[in-house]
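This report concerns one protein model and takes up its domains, a pocket, a helix and some backbone details. Please view the sequence and the structure together.

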Amino acid sequence: MDQNLLNEICVRQLTLSGVHEGETVAVLSQGDERLDYADAFLYAASRLGASSYHLRLPNSLDLSGAWAVGDSGLGGNPEAVEALKRADMLVDLKFLLFSKEQFAIQDAGTRILTCVEPAPLLARLMPTPELRERVEVGAELLAKASTMRITSPAGTDVTYRLGVYPTMSEYGYTDTPGRWDHWPAAFVFTGGADDGVDGTIVLSPGDVLLPFNTYVQTPVTLTVEQGFITDIRGGLDADLLSSYITSFDDPRGYGMSHVGWGLDERAQWHGLTQFPGGMGMELRSFYGNVMFSIGPNNELGGPNDTPCHFDIPMRGCSLFLDDEPIVRDGDIVVPEMRPATRRTQ
Ligand code: FE
């Protein structure tokens, strides 16, 4: 993307994120990745009267290429962590998610925005206050619920006991001290009690496996008992899922992680056909998807910090909170969560 365009969308982003005169914005990157993004955010911070700096970490020496969450690259760098704690806002261009350094920076009151997706996607899914409002309606409903049940025509019927973990919202910007968000994003989630998820989940063709960034081709039947997957059955996709989880040699990789639904009508289910997918934020956000996850729940304050993590957005599901329908057959039924153009339908 042209640098001027990138500059402009970053000005819009930091404006939404409430950056103003007197604030300090830190931009964190690694190696030679996203240096154009770093320039754009530094420009945007200056335009809004904030002071800013760029903290650039050396390239990772880990050549495994594995997508393991929790390793921030900041572990051996306490001076950098201390500096970032003093910023009002941190723009994370390297993906700190789930690391203890990220939690420490947030605890110090620094708000964090992760930005690692391709620039055209950032522009197309530019956050809006209207989308934030709809996401927050969802988060409020989710926070009050004590059970979530998900069903699908393919045979999914799983129940999460809620109330143990907080509800999180992601709407693509953050103007709240200590709060983290990811651009782009539009979904809500929480986690079931550690031993409180039971039932069957049947993945159907077209459901999405992240971080494989692939669409399921053959049905996969997952049996869930007391918060853990006890059986994975099906064809090639089931074998790939099993093989990947097994490779971590960690039984906590079978734990049930966050669960919720997506709200952005601009995000496209077929997004992975348009580019390799990046982190898959478009797939997490598409309107009416029901996404469940496997692996760690430490992001929500839980004890499971396994690096083995899947996010699995599913199409065509129904989701009920305390037996009230929220999503029916992949369509959100609560009017306040629907885009204005779809409220009368
Ligand atoms: Fe996740």
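The model is predicted, so local features need pLDDT of at least 70 and side-chain atom pairs count only at pLDDT 80 or more, while totals for chains, interfaces and linings use all residues. Residues are numbered from 1 along each chain as its sequence is written, and side-chain values use heavy atoms, with hydrogens and water left out.

**Domains**

The protein chain is divided into domain 1 (3-116) and domain 2 (126-342); these bounds come from an automatic or database domain assignment. Their centres, taken over C-alpha atoms, are separated by 26 Å. In the interface, 26 residues of domain 1 are in contact with 24 residues of domain 2, contact meaning heavy atoms within 4.5 Å.

**Second largest pocket**

A pocket here is an open set of points on a 1 Å grid over the protein atoms alone, where a 1.4 Å probe fits, with protein on both sides within 12 Å along at least five of seven lines; its lining residues have an atom within 4 Å of a point. The second largest pocket holds about 250 Å³ of space, the volume being the space filled by probe spheres set on the points, which are joined across faces, edges and corners. Its lining has 14 residues, and Gln106, Met168, Arg179, Trp180 and Glu299 lie nearest the centre. Both domain 1 and domain 2 give at least three residues to this lining. By class, the lining has six nonpolar, five polar and three charged residues; Ala, Val, Leu, Ile, Met, Phe, Trp, Tyr, Cys and Pro count as nonpolar, Asp, Glu, Lys and Arg as charged, and the others, Gly among them, as polar.

Helix 4 (100-107) and strand 7 (168-170) each supply at least two lining residues, and the largest share, four residues, comes from helix 4. Helices (H or I, at least four residues) and strands (E, at least two) are DSSP runs, numbered from the N terminus.

**Helix 4**

Glu101, Gln102, Ile105 and Gln106 of helix 4 are buried. Seen down the helix axis, these buried residues fall within an arc of 135°, so they line one face of helix 4; the arc is that of the directions from the axis to the C-beta atoms. Buried means under 20% relative accessible area, exposed over 50%, and partly exposed in between (1.4 Å probe, protein chains only). Lys100 and Asp107, on the other side of helix 4, are exposed. The buried residues of helix 4 pack against helix 3 (78-85), strand 3 (89-92), strand 4 (111-114) and strand 8 (180-182).

**Single residues**

Gln13 lies in helix 1 (residues 3-16) and is buried, with a relative accessible area of 0%. Not counting residues up to four places away in sequence, Gln13 touches Phe41, Leu113, Pro127, Gly172, Tyr173 and Trp183.

Trp183 is also joined to Pro184 by a cis peptide bond, with omega about -5°. Pro184 is in the loop between strand 8 and strand 9 (187-191). Another cis peptide bond runs from Leu210 to Pro211, with omega near 20°.

| Residue | Phi | Relative accessible area |
|---|---|---|
| Gln226 | near 50° | 56% |
| Asp323 | near 75° | 64% |

Gln226 is in the loop between strand 13 (220-225) and strand 14 (228-234), and Asp323 in the loop between strand 18 (318-321) and strand 19 (324-328).
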